[in-house]
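Please look over the model shown here. A short report on its architecture follows the display.

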Amino acid sequence: MRVLGIETTCDETAVAVVASRMGGDGGDILSNEVMSQIAQHAAYGGVVPEIAARAHIDVLDRLIARALANAGLDISGVDAVAASAGPGLIGGILVGLTAAKALALAADKPFIAVNHLEAHALTGRLTDRLDFPYLALLVSGGHTQLVAVQGVGDYRRLGSTVDDAAGEAFDKVAKMLGLSYPGGPQVERVAEAGDPRRFDFPRPMFGREGADFSLSGLKTAVRQEVARLGALSERDVADLCASFQAAIVDVIVDRVRSGLRLFAQSGARPNGLVIGGGVGANGAIRRALTRLCSEAGLRFVSPPPALCSDNGAIVAWAGLERFARGLTNDLDFAARPRWPLDAQASELHHGKA
Ligand code: KG4
Ligand code: ZN
């Protein structure tokens, strides 16, 4: 089985073709085309929705053609067409969703609407054949949550951020320090030369019951320190980055530990922890989670950074998982700018879906 997947919920235009393996175990990425719009948003210090939507329109046709060509196929060679239908920026979602529906209709193929968070959550099955149930940590520019992944379409959100997303915190701190957008990779790079103990930044929610996150207080503490220091030396910037990163690592480890306790309360034992989202590329976070998992006797699945950040392969894979279970969608499926993985939790939490 081969599925074409389209991703346009944020600032990456991405198309991929993924094939299932014989016996239904894991998948093979036949092509994975990603075009980042970072350069077009950098001057604004963040993603501008209108620019994003237009940029998706400009390149999507070409990327679809290239993804098919690199997979050695034409559209008749795929079995279904999938697209992220949310959550994300509505203008961009509409571009990818409409293209996928048009392709499916023209080629007479089934269409599959994928929840973008589900695509991140299922990545560990594409790369490492992780069995259900497991814990997924989704950390990106727009999302920060812990999800119990119990089956395809069966997710229980254990906690999420009540304010900023992890990537947002990295980006905002980078901006305060004069580092370029997106800030996460810059903060990580600069932190390498810094002293993580020079500033004792708060660890919001640390030790708190449940698995929610709060990151805006940490960001504010960095802002206050920046104001107190006045003119920043190179050393100051490095120490601020290192101390901020150390704080966010501590918070993430604590929240994952707490999430694992919540998971255990349901009586099930997770088969592993998988990380997804752009912040999942952060080496300090990956190392800390590797340590946590080894202490907990838990398998840590960290997909390669290219499959952590937004891409079409994870959307195609989620589409494949759905298609294999007969889960296809009608062509009138509407774009969903907000789309919590589990509907119930969205009524309990007011954090970002
Ligand atoms: O998943 P993603 O590519 O896009 C969405 O937000 O959906 O994630 C982008 C976010 C940005 O906030 C970026 O600063 C952050 O991921 N990021 C990182 C790193 N690489 C990307 N944050 C910390 N460390 C990194 N190495
Ligand atoms: Zn994402």
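## Basis

This is a predicted model: local features need pLDDT of at least 70, side-chain atom pairs count only at pLDDT 80 or more, and totals for chains, interfaces and linings use all residues. Residues are numbered from 1 along each chain as its sequence is written, chains are lettered from A and ligands numbered from 1 in the order in which they are written, and side-chain values use heavy atoms, without hydrogens or water.

Helices (H or I, at least four residues) and strands (E, at least two) are DSSP runs, numbered from the N terminus.

## The sheet and its helices

An open sheet is formed by 5 strands, in the order S3-S2-S1-S4-S5. The pairing is mixed; two strands pair if DSSP finds at least two bridges between them. S3 and strand S5 (111-115) stand at the edges with a single partner strand each, so one side of each has no neighbour in the sheet. From one strand to the next, the twist averages 20°. Axes are lines fitted to C-alpha atoms, for helices over the stretch in contact, and angles run from 0 to 180 degrees between N-to-C directions.

Strand S1 (residues 2-7) and strand S4 (residues 80-86) run parallel, joined by 4 bridges. Gly5 has Ala82 in S4 as its bridge partner. Helix H2 (residues 49-70) packs on the sheet and touches S1, S2 and S3; contact means heavy atoms within 4.5 Å. The direction of H2 makes about 25° with that of S2. Helix H3 (residues 90-107) also packs on the sheet, touching S1, S4 and S5. The direction of H3 makes about 160° with that of S4.

## The zinc site

Which residues are the protein donors of the zinc ion (ligand 2)? They are His116 (NE2), His120 (NE2) and Asp310 (OD), lying 2.1 Å from the ion. Donors are N, O and S atoms within 2.8 Å of the metal (3.2 Å for Na, K and Ca); water is not among the atoms, so sites may look incomplete. The donor spacing in sequence is H-x3-H-x189-D.

His120 in helix H4 (residues 116-121) and Asp310, in the loop between helix H11 (305-308) and helix H12 (312-324), are 190 residues apart. His120 is buried, at 3% relative accessible area. Asp310 is buried too, at 13%. Buried means under 20% relative accessible area, exposed over 50%, partly exposed in between (1.4 Å probe, protein chains only).

## Two loop residues

Asn311 sits in the loop between H11 and H12. Asn311 is buried, at 1% relative accessibility. The side chain of Asn311 reaches the backbone oxygen of Ala306 at 3.3 Å. Beyond four places in sequence, Asn311 is in contact with Glu7, Ala14, Asn32, Val34 and Ala306.

Arg21 lies in the loop between strand S2 (12-20) and strand S3 (27-36). Arg21 is partly exposed, at 28% relative accessibility. The side chain of Arg21 makes a polar contact with the side chain of Asp28 (3.0 Å). A polar contact is a pair of N or O atoms within 3.5 Å; within protein, one must be able to donate a hydrogen and the other to accept it, and residues adjacent in sequence count only if both atoms are side-chain atoms.

## Nonpolar cores

The largest nonpolar core has 53 residues. A nonpolar core is a set of buried Ala, Val, Leu, Ile, Met, Phe, Trp, Tyr and Cys residues joined through side-chain atoms within 4.5 Å. Helix H9 (234-265) is among the elements that each supply at least two residues of this core. The largest share, 15 residues, comes from H9. A second, separate core of 31 residues includes Leu307, Ala313, Val315 and Ala318.
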